[in-house]
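Please examine the sequence and the structure below. The paragraphs that follow explain a sheet, a helix packed on it and a metal site.

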Amino acid sequence: MNTILEVENLKVYFKTILGDAKSVDGVSLKVFEGEILGIAGESGCGKSTLVEGILKIYKPPCYIPEGKVYYKGIDLLSLPEEEFRKLRWKELSYVPQGSMNSLNPVIKIEEQMIDGILSHADITYREAKELALSALNSVGMPPDVLEMYPHELSGGMRQRVCIAMSLCLNPKIVFADEPITGLDVVMQKLNLQTLGDLRDKYGITVVMVAHDMACHAEICDRICIMYAGKVLEVGSTIDIFSDPLHPYTKGLLSAVPSLEKRNLKGIPGLAPSPLEWPSGCRFHPRCSYRMKICEEEEPVLEEVQPGRSVACFLYGGR
Ligand SMILES: Nc1ncnc2c1ncn2[C@@H]1O[C@H](COP(=O)(O)OP(=O)(O)OP(=O)(O)O)[C@@H](O)[C@H]1O
Ligand SMILES: [Mg+2]
């Protein structure tokens, strides 16, 4: 499988009066061409910050003290901003968290989509409209949506409009941050199917951020589990669900409801703060398998089976 995007030891920090919030603190991962990769983990673990770092769309007080991002071999973070701008939307596009609520309520969808296109492509209004129509079609929406105002659409449809916007310039990778949060189950299913279709019908690589493990199970090929600004486990969706290795992954999955499992366990304790991560393994204060070494040393993310990595002393980690 071809690697289309590679992240190496990426750190994304926020300067605060209490010191640096180390929200993403040394993440390495690969995205393969044509896959759907899920980024999972509890609220605040750094999922959105990771994507903002990769796409360099953060603003001060956020900064990147260290790390590399390669897209098709191009060192993205070293690119001058005007060069990076040429890649955004056209190659790497983004559906931000909460985007369905950020559509302007008093402007028709047509104008909002076309403004977005024209700010990234040197084409005519007519050509931009064709692109907008084709993007709407690829997310299964009729052309008359262009004539509508956001309030005339349901939350799920507004979210699909945002996905369509991200597709207008035929990107190679779409990053979708919490694309189904806040939708009812029918809309969730439909929108997940839309994301799945991007890959199946149009060959687009998808990186989907979601805290809900059930939606990763639905469409992802692989899942990357984040905790406290780090990646704790990566593997195929089947492996992660059938045999979770990291105690944190086991905890996340024990919190997914099903008919057989009504007595949900979840994970005891609270997620730590990026201003002061715990020593050693960042999960150790909440881990029921913790050993002495877990408090003292940080386990490294190690490949334990082909395509399966975990950062935990139960499986090596030194
Ligand atoms: N401007 C900021 N200043 C300081 N800390 C910040 C800032 N923005 C985000 N953070 C911190 O960075 C950490 C990671 O935030 P992020 O939004 O990436 O988490 P997330 O995994 O996407 O969570 P969610 O599932 O709730 O969307 C959080 O602890 C958050 O408080
Ligand atoms: Mg987020």
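In which sense do strand β3 and strand β8 pair, and over how many bridges? In this predicted model, β3 (residues 36-40) and β8 (residues 205-209) run parallel and are joined over four bridges; two strands pair if DSSP finds at least two bridges between them. Across this pair, I39 is opposite V209 of β8. Helices (H or I, at least four residues) and strands (E, at least two) are DSSP runs, numbered from the N terminus.

Both strands belong to an open sheet of eight, ordered β6-β7-β8-β3-β9-β10-β12-β11, with mixed pairing. Because β6 and β11 (302-305) each have a single partner strand, one side of each edge strand lacks a neighbour in the sheet. From one strand to the next, the twist averages 25°. Helix α5 (residues 155-167) packs on the sheet and touches β6 and β7 (173-177), contact meaning heavy atoms within 4.5 Å. The direction of α5 makes about 165° with that of β6; axes are lines fitted to C-alpha atoms, for helices over the stretch in contact, and angles run from 0 to 180 degrees between N-to-C directions.

The magnesium ion (ligand 2) is coordinated by S48 (OG) and Q97 (OE1) at 2.0 to 2.1 Å. Donors are N, O and S atoms within 2.8 Å of the metal (3.2 Å for Na, K and Ca); water is not among the atoms, so sites may look incomplete. Since S48 lies in helix α1 (residues 47-54) and Q97 in the loop between β6 (92-95) and α3 (109-118), the pair ties together parts 49 residues apart in sequence. S48 is buried, at 18% relative accessibility, whereas Q97 is partly exposed, at 46%; buried means under 20% relative accessible area, exposed over 50%, and partly exposed in between (1.4 Å probe, protein chains only).

Residues are numbered from 1 along each chain as its sequence is written, and chains are lettered from A and ligands numbered from 1 in the order in which they are written. As the model is predicted, local features need pLDDT of at least 70 and side-chain atom pairs count only at pLDDT 80 or more, while totals for chains, interfaces and linings use all residues; side-chain values use heavy atoms, with hydrogens and water left out.
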